[in-house]
Amino acid sequence: MRIHQYERVWLLASMVLIVGFIATITYGAVGLGITMVDDRGATIAPDEINEDERFGDPRVEQVGDDEYEVYAVAMTFAFQPDPIEIPADSEVTFYVTSRDVIHSFYVVGTNTNTMVIPGEISVVTVEFDEPGEYGLICTEYCGAAHHEMEGQLAVLEDEEFDLTELEVEAPDEVEPDGEIEITATVTNGQLEAIEETVTVELGDETLEESVTVEGDESESVTLTVDAADLGEGDHDWTASAGDLTESGTVSVVEGSEDDTEGGDDA
Amino acid sequence: MRLRTSPAKLLVLVALCLVVLVELRTALAFVGVSLSIGATVAVGVAAIAALLLWAVRPAGSGE
Amino acid sequence: MPNGATFADAYPTQARHIRAAFWASFLSLGVGAFFGLIQALHRTDILRVIESQTYYTVLTAHGVFLVISFTIFFLVGVFQWAVTDSLERPPVDMRFTWGWYGLMSLGASLTAFAILAGFTDSIDVRANVLFTFYAPLQAHPLFYVGLVVFVVGTWLAGADWFRSWLAWKGDNPGERIPLPTFMVLTTMIMWYISSIGVAVAILAFILPWSLELTGSLNPTLTRTLFWYFGHPVVYFWLLPAYLLWYILLPKLAGGRLFSDPLARVVFILFVLLSTPVGIHHQYLDPGISEGFKFIAMTNTMFLLLPSLLTAFTIIASMEHGARQRGGEGYFNWLTALPWRDPAFTGMALAGMVFAFGGFTGIVNAGMNINYLVHNTLWVPGHIHTQVGTAAALTFMAGAYWLVPQLTGNRLVGRGLALVQVVLWFVGIVFMTNSMYRGGLVGIPRRTAEPQYEGFEYEVAAGSVGELNAQLAIGGTILFVSAMLFLALMVLTAFNGGTEPIDDGSIPPALSGPEDSPAVLDNLKLWVAIAAVLVVIAYSFPLASIVSRGGLFGPDIGPIPVAIDAASTVARTALEAVSAVVR
């Protein structure tokens, strides 16, 4: 085959260019360790999501020192959990699946970007070094309100970040001769132990107690007050631990059923 | 009036001017030089005006 | 063809058929361009004439009308012209030729109906699934049926051209395939290999599921099958433009094609490489291992080769033409090119934009860089420089030369035509520049309202408002340009009693087919190698996807954009048909 001299040179230069591109991308994958979204996530049918240990309760979980996992669910037209809070400078692995159609999970302006396909779990590991509020959007058309599918990703300074939860158990109504028991439970979702001062207030009574909560454990503090001391009527209570606060009202009334229901934990 | 180039070439050159302007502004932004809209338009108008002046100036009068 | 005679003189029946294909194409262009204008103004929040949820009907129509109907109807027209002209013989049976044109028109009409019915609530048909129709979003069955009928029409068109070639071969034993016919045949081989993917996706999975014959499907599987077809289809849009660049552009520039052998090599490379790359559209998909993505990436990079070779041949041919016209110097020859010819200028400008689009394509193809741009506005920026300019502008420029040959009429408004191609060039650069920059700051594609409540885009230079204005201006210029083109075409069609300026003859290449080994014309060999490459690239990924999610998926039901499709008459008829087929 007769090929002109210039064509040969051009052909050679083209091949060098192509091999060069492949080399730089290979370097990015092998040298810099930029891995692709792949098949490492298991499969999950959309109708199994509610029963699933991870996706049934979409959340952030600590799995090691500076290592976190986020179990997120995309659906028309929202993300769960929302907002997602993660610490800066930590290795965060997102596990994302879809309840219905194909979505995407894109943290705007970053390279945290993956398709979310029903039946599959997308796994992306990233590290955010810039604290701040990021937009989380779906970039794959998913239906008539696709443009409303939006969530928030809050990347917090290490010291601002915790996975501490406060849950309060308090009765709604109590007989005038009964006792009011308010139990505040602090759960530590992180691995390291935390010190918290738990305060429970009801009427004039105040209980303040310092507790140490081990990693992945919870501790409870209970305040007991005689209803007779408060008298009939509505009485407000508050419980707080760190910057978390819960509040509610207990009524002292004649003829009430003494049921203890969980406080309205937000 | 005699043009120093054909109207067709002039049209293509003006189009190229606009295109280079848009792309150059982006390229400059990448190296940290950001031109405002006003400045870009001014540069564009100047470049196209220069081009048109060159085209309509009678051949040889500048020598 | 006698010297000086137009194609319309030599083959009046065939010219009528090609004109019909062009009109279908141009009609689609007009409708598609109008929807494009609505989108450009809507998503930038400059003018909103529709509800945001209707945006997706508009977007589906814009995609399907332009990349399926406009491009492929134009393709069959150009290919029919190329085969007839280069083999110097009409189709074996003109009824068959009209038959496939009829099928394509029927298919396009059914799909168009299913989409456009989305604008009214009085017809219970919806197909707001966009051009990619990713399941489990579900359109009305008519949408899929129309696509199948359309594709079958193109398959028969290919069969028609192979038939013409075989008949020619019988009369001319031992001769090399004329270059234009060679290009048509190789392109169609690529099309046969690749469209199997979408045919299986629709016929085996999506259509039965939309008719409720099957209850579930595997979305990763149908998506992978779509992209098996979805990348080669971009070459299906582009190769008619390549054909025009190789066959027509050198002549328009005043010279001859530089190298016939290299042109053949280029088309063979497209046959071999354009299919085993589709997974590069799925770099960010779960369920596909990184290894398969890496293979797709390397194949994609090698796919640059035929385009780089084309750039060389085209520029060399143009320079040759310019020197024939008296051009001199290292760069001064550029001024000797026939810039006042809209057919030439349009193609030259399209080629320039194509080079730019090629580089943005390399960014898309780089799998780790893809994280930054995937599904952002960058991607439509890329597609508008490629199919929206390299193909579309070349088609329009080509039409300025071809339509006079096909009608026997002189082009009306040659100066306006030049303005039209230049407007397209300026419009596309304005629009795509904004899209590229918007994509880099994270503005998503395919959305009615990229304005969100919870965050602001951080634009490095300028502002979102400025990007929006630039996008809208570009889109408006493009719309004006498209309308101008259509007006000139209609006027030319009615410009009876005139004659084209140019004759329809195509000069031979400087380096002819005799300079290349005959093996290049051994189409069976290339089909075999292409098949092997496809099997290597796709058998393992497909097997893995099926073993993960099952052939019919983990119980994934439909999410219809069609509202209560069961009640329509059309659907009942379809069910009756499918019951018979079962």
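Modeller: A salt bridge, as the term is used here, is a side-chain nitrogen of Lys or Arg within 4 Å of a carboxyl oxygen of Asp or Glu. Between domain 2 of chain A and domain 3 of chain A, the count of such pairs is 0.

Biologist: What kind of model is this, and how are its residues numbered?

Modeller: This is a predicted model, in which local features need pLDDT of at least 70 and side-chain atom pairs count only at pLDDT 80 or more, while totals for chains, interfaces and linings use all residues. Residues are numbered from 1 along each chain as its sequence is written, chains are lettered from A and ligands numbered from 1 in the order in which they are written, and side-chain values use heavy atoms, with hydrogens and water left out.

Biologist: What makes E466(C) and R25(B) a salt bridge?

Modeller: The closest N and O atoms of E466(C) and R25(B) are 2.8 Å apart, and the rule asks for a distance within 4 Å, so the pair counts as a salt bridge. Across the interface of chain C and chain B, the rule finds 1 salt bridge.

Biologist: Which elements of chain C supply at least two residues each to the side that touches chain B?

Modeller: They are α13 (342–365), α16 (414–440) and α17 (464–493) of chain C, where helices are DSSP runs of H or I with at least four residues, strands are runs of E with at least two, and both are numbered from the N terminus. The largest share, 10 residues, comes from α16(C).

Biologist: How do you know that R548(C) forms a salt bridge with E120(A)?

Modeller: The closest N and O atoms of R548(C) and E120(A) lie 2.7 Å apart, which is again within 4 Å, and therefore the pair meets the rule. In total, 2 salt bridges are found across the interface of chain A and chain C.

Biologist: How many residues are in contact between chain A and chain C, and what area do these chains bury?

Modeller: Contact means heavy atoms within 4.5 Å, and by that rule 60 residues of chain A are in contact with 71 residues of chain C. Buried area is the accessible area (1.4 Å probe) that two parts lose on being put together, summed over both; for chain A and chain C it is about 5800 Å², with 68% of it on carbon and sulfur atoms. M36(A), Y141(A) and H147(A) supply 14% of the area that chain A buries against chain C, more than any other three residues.

Biologist: What is found for chain C and chain B, and what for chain A and chain B?

Modeller: Here 20 residues of chain C are in contact with 16 residues of chain B, and the area buried between these chains is about 1500 Å², of which carbon and sulfur atoms give 81%. No contact joins chain A and chain B, whose closest C-alpha atoms lie 16 Å apart.

Biologist: What area is buried between domain 2 of chain A and domain 3 of chain A?

Modeller: The area is about 300 Å², of which carbon and sulfur atoms give 45%. Q62(A), D65(A) and Y68(A) supply 86% of what domain 2 of chain A buries against domain 3 of chain A, more than any other three residues.
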